[in-house]
Amino acid sequence: MGNIFSRLRQEVQDVVRNCRAREEEEDVKTIISNYSTLERDRRKCAEKSPNVHLQRFDSDTGEEWKSLINFSAPSRSLSHSSPCMEGGISKSDISSLCSTPLNVPVSQYSLTANIPSSRESSSYNLFHDLNTSFGSDSTEIFTKAGLRARYTLLCPDKESIHENIPEKQSSEESGDPLKGLETRQDEVLKRLGVLQSRVGQLQEKYSISTCTSSTPSKSAVVPTAMEKGKFHDIVIYLDPSSIPYSLFVLYEDLRKQFNVLATTHVHSSVLDVPGSLINIFNNGEVKSRKDYQIGLTVIWKKVNNGAVLMVDPYKQSAIEGEVNIARYLQRLLNSQYDSQDIIEATQIDEWVDTAQIQYLDGSNKERAAVLRSLNSRFGKNSWLVGDRCSLADITMWSVLQQSGQVTDVPANVKKWLTACNNQPGFSSALKLVS
Amino acid sequence: METEKTPGEEVIGLDGKPTSKKGLKKQQKEAEKAAKKAEKQQQQQQQTETESEDYAKENYGNYPLIQSASKVDRKLQKVSQLTPELSNQKIWVRGRLHTSRSKGKQCFFVIRQQKWSIQALLSVGDKVSKQMIKFAASINKESIVDVEGLVKTVHKKVEACSQKDVELHAEQIWVVSSAEPQLPLQIEDASRREGEGELATVNPDTRLDNRILDLRTTTSQAIYRIEAGVCRLFRDYLTSEGFVEIHTPKIISAASEGGANVFTVSYFKTQAYLAQSPQLYKQMAICGDFDRVFTVGAVFRAEDSNTHRHLTEFVGLDMEMAFSYHYHEVLDVIGNLFCSIFKGLQQNFVEEIELVHKQYPAEPFKFLEPSLRLDYSEGVQMLRSAGIEMEEDEDLSTPNEKLLGRLVKAKYDTDFFILDKFPLAVRPFYTMPDPNNKKWSNSYDMFMRGEEILSGAQRIHDPKFLMERAKEHEIDVSKIKAYIDAFKYGAPPHAGGGIGMERVLMLYLGLDNVRKTSLFPRDPKRLTP
């Protein structure tokens, strides 16, 4: 449960932060005042109907509350604008949860993702519906907050609830109160289930998309950005003086898996780009941009440190280096890349780093050393990692191609190069470049 | 010389007319003294003059008014052509006296001609007398002078002038047209980079009030040369693509778009309007089978907006084109047009752009070829992921436009891009809706440094459909009858757009105000000069 509470607190903080960022001082004040009224209500409620289970629950998790409050303390000192806010929230947050444990799920339930302000009326309806169906004070606060700020509520992680409960129970001494608590928890979970379906219905009704970011373990086959049926444009800056071959191989793979719109541009910083390169990534726009899944926009440009990748300028700074772009594309192609076999993934990383650092950017001596270790590897194995062609092979093959040393390599390496060249992606990449 | 005599005479004249009785005696005494002194000075001067006049009198002075009395067989060199190759040659040059500074037996001055300038030097010698130096030093700044002299190479580069490797050792100096001694603004101040040090700069209104002086700065010289380049490149590219230049009327009987923001003029016994855009005429030319047309001309907007980018009269560069099957054919032509203009400027105006950036520093303009084209919905997606709340079919506000410009620059590293497929609801009635989804339209905007510079669309060329759309927009169909009728006798599918020349140049150079790129700007508060 603590898990949920902390997440909830985090969300509330997000809301406040969002509000503050927007300088919607008034809104923030309303939220705060809502909290204080809630706090008052809770006290009254506690006085009127003392609940043994609840109290017990309260005291058991007391440590956790404290840590929560303590946790919020440093952030309090950080926030200049309204220092009381953070403390107030965590406190009322806790109190609201304590006083109305059954209503907790309502507030923390992942309702929706972005609710644009102009859709206020419809989203208000949504919250209103929720509110009436569960009749909780806490929802009201969250609805109001949600209306005013871009408010991302996360899906409750049911598993973590299940995991956490036995833990608490085991730490519990035993006896009646425990059973009471257990039934209560079950009740909570049951209501969670009901709520989930209800939210699902509401989502359909108001056609609001869900944010799935809270479930990384169950990551989908395609990145979330594409799941929504939105066009996902990947921008890569390339310098005409160094052409990353690996990109071509991965581009071929990408085209097999996705509906890719490839376009090539020349940046004003370079004037003389060879005609053969100008349209190298260009499959012609035959339909509207919206109908593609992935855009690959290649820009020939003066780039100092190899290729550069840009996907979302708001989230990232430029990602530099051919192998890092290769890593990105590989993860795009296979979302389980990092979780299938982590030993293999790490070995691939090792070779990919070698390709960039010791070979592409390396001295002649380092290059020779790489060739030696490649030669010994290919004495017994046909591929760098495991028994099939991987990202390690793609990048290594690419840097060897770029160095122009493909003819002057040890026998085993030559054997491997030929094997690479016979792979479908590699051969078409070679054709594209030549 | 005359100038030398006057002070002496004045002293006598003034003192010879005593005004108060008390100081009469004293004054008389002083006057006598002064008279003696003056006499002495005169004698001395006459002595020196007789000496100097002998050898320098013919080498300086004021020309009589040039009334084309005679043809003078003399070649005037351009300052720009004065290079070390002409070293030790005697040449004539005409220019403005930019600055002058005399010390003792020497006088340094700078002759400026448009954006070029050269340092000249007068020093007492065989052909130059002290009086001549005095005369040269007393010429008012900005006067036009003819100077003869020897071109000499210099050891140390003259950093203040455009001709850094040579100077002119002057032997003759004649004033062709004198300037008033008091200038409303100093050219040097007007050329200074703003916010640099304590030195004076000129405020924008003073500049515009005295535009002819402001235009003399090298920066202004460069700006309007680049502007001419924009127009030329526009014409050249479109002409090479088979476009025909047309001229459309500026006095029109009915407001072309909607009716708001038009200037009314009296037209004999009735009223007429100044054209807000040549669009209707461009479209009629297309219906008249010109296939591809463009026009360069004044456009009037009676918008009372006092911003950095609005003018009430500006130069519109408009084009319209019939296409075969898809309006992207037109979009590609416009995209390439811009690339060709940007490239042309980058290649042909390196020096001018550098001069402008010296006074108004800005990042060089970056662009992609072919131009980047994004869908409107993609733009909205980018804005949303940057935390902007907006509907997919909501119009872009000016701050959002700017933010989008920055996001696109960060992602694609280009200052120019095309945003395609705008929401139908935010476009005029004659915009062709998207064939698959009525939410969108076949319309586009183009942006430079995050500001909109072109707005265009595929136009509806079917009179019935046009009528239907007009009704949906609750437009009085009878008022736009002439427009709709233009499509009655068969009309090719077509699309186009219009650019504001001043705005394009302002954004290309990264200037902060469109008035800097309009020769004599017209805005709600300015009708003169």
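Which residues of chain A does UniProt list for "domain: Glutathione S-transferase C-terminal"? The unreviewed entry gives residues 359-424 of chain A, in the numbering used here, with the caution that feature names are shortened and that annotations may be inferred rather than shown by experiment. The model shown in these views is predicted, so that local features need pLDDT of at least 70 and side-chain atom pairs count only at pLDDT 80 or more, whereas totals for chains, interfaces and linings use all residues. Residues are numbered from 1 along each chain as its sequence is written, and chains are lettered from A and ligands numbered from 1 in the order in which they are written.

**View 1. Chain A and its annotated segment.** Chain A has 19 helices and five strands, where helices (H or I, at least four residues) and strands (E, at least two) are DSSP runs numbered from the N terminus. Of the 434 residues in chain A, 33% are buried, a residue being buried if 20 or more other C-beta atoms lie within 10 Å of its own, exposed if 12 or fewer, and partly exposed in between, with C-beta atoms placed from the backbone. Among the contacts in chain A with a separation of 6 or more, 75% join residues 24 or more positions apart; two residues are in contact if their C-beta atoms, placed from the backbone, lie within 7 Å. Over residues 359-424 of chain A, the chain is 68% helix and 0% strand, with end C-alpha atoms 25 Å apart.

**View 2. The contact between chains A and B.** Chain A contributes 22 residues to the contact and chain B contributes 25 residues. Strand 1 (232-238), strand 2 (260-267) and strand 3 (294-300) of chain A each supply at least two residues of the side of chain A that touches chain B, and strand 2 of chain A gives the most, with three residues. That side of chain A divides into eight nonpolar, seven polar and seven charged residues, where Ala, Val, Leu, Ile, Met, Phe, Trp, Tyr, Cys and Pro count as nonpolar, Asp, Glu, Lys and Arg as charged, and the others, Gly among them, as polar.

View 3. Six strands form an open sheet with mixed pairing, in the order 5(A)-4(A)-1(A)-3(A)-2(A)-14(B); two strands pair if DSSP finds at least two bridges between them. The edge strands, each of which pairs on one side only, are strand 5 (319-320) of chain A and strand 14 of chain B. Strand 14 (residues 368-369) of chain B pairs with strand 2 of chain A in the antiparallel sense over two bridges, and Val266(A) stands opposite Glu369(B). Within chain A, strand 1 and strand 4 (residues 308-310) are also antiparallel, over three bridges, with Leu309(A) as the bridge partner of Ile236(A).

View 4. The 23 residues of helix 7 (residues 218-240) of chain B should span 33 Å at 1.5 Å a residue, and the end C-alpha atoms are 32 Å apart, which agrees; the expected span is 1.5 Å times one less than the number of residues. Gly242(B), which follows helix 7 of chain B, has a positive phi near 90 degrees.

View 5. Strand 4 (residues 106-113) and strand 5 (residues 116-123) of chain B run antiparallel and are joined by eight bridges, among them the one between Gln113(B) and Trp116(B). Two residues lie between the strands of this hairpin, where Gln114(B) takes a positive phi near 55 degrees. Strand 5 of chain B also runs parallel to strand 7 (residues 166-177) of chain B, over three bridges, and Ala120(B) has Leu168(B) as its bridge partner.
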